[in-house]
Amino acid sequence: AEKKALVRPPLPSSLQQVLSALDGLPSTSDDLAPYLWLDQKYYLADDILTKSDRMSMAHSVEVRPPFLDHRVVEFAAKLPACLKIRGGQQKLILKELMRDKLPPAILKRPKIGFDIPAHEWLRGPLLPLLTDAFDHGANQYGEVFRPEVMNNFLRLHLERKANLGYHLWGLMVLFLWMRKWRIQAASSKTPKVLLQVKAGASA
């Protein structure tokens, strides 16, 4: 609903196309299996592994995730769901294997994500970059995005009425990318929503 409110043209059904792949999976009594398959195919490959690969290479570190050895993956795929998640507990087998090797404080510690403080950055040091990107987005891409919705996201975030850092981060990066590669909003006569300016043409 938020995305529909943000853009003027109708949104493509990209997510539905991805989720429809679940319908083609073999039938199974394991309700967890389709979600793990989706994670492995998309989230793992297109997000987590991409980030770790880029950051490790940027710092000349060679990373090899050992749990992605095909033998481990194949073994894990054959395990029943009750050995993977039980209530709110996850990684049951790993914790059992490490019981006599790691202290309870580690074994019982909740999962901690490795994330950027986008909410605070965009209220503080990155606010000028954000507002500049939004001004550019509103001026150049008003045919595609609704500036009043963008500004409402920004207002709610800055007034701490909502943590919309990830919404704002995505829009900021998109507008910076569009400016870097001189993407133009299409005219109403153009069937595509966006078109790229030819190299050498004025922005």
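Predicted model: local features only at pLDDT ≥ 70, side-chain atom pairs only at ≥ 80, totals over all residues.
## Aromatic pairs

The whole structure holds four aromatic pairs. Trp121 and Trp169 make a tilted one. Their ring centres are 6.3 Å apart, with 35° between the planes. This pair links distant parts of the chain. Trp121 belongs to helix 7 (residues 118–121) and Trp169 to helix 10 (residues 165–180), 48 residues apart. Trp121 is partly exposed, because its relative accessible area of 32% falls between the 20% and 50% limits. Trp169 is also partly exposed, at 28%.

Phe134 and Phe175 form an edge-to-face pair.

## A ring cluster

Which residues do ring pairs link into a cluster? They are Phe134, Tyr141, Phe145 and Phe175.

## Lysines over rings

Lys41 lies over the face of Tyr42, 5.6 Å from the ring centre. Lys180 lies over the face of Trp181, at 5.3 Å from the ring centre.

## Ser56

Ser56 is placed in helix 3 (residues 33–58). Is Ser56 buried or exposed? Ser56 is buried, because its relative accessible area is 8%, and buried means under 20%. Setting aside neighbours within four places in sequence, Ser56 is in contact with Val61 and Val63.

Notes. Residues numbered from 1 in each chain as written. Heavy atoms only, no water. Helix = DSSP H or I, 4+ residues; strand = E, 2+ residues; numbered from the N terminus. Buried < 20%, exposed > 50% of the residue type's maximum accessible area, 1.4 Å probe, protein only. Contact = heavy atoms within 4.5 Å. Phe/Tyr/Trp six-rings, centres within 6.5 Å; stacked < 30°, edge-to-face > 60°. Lys NZ or Arg CZ within 6 Å of the ring centre and 35° of its normal.
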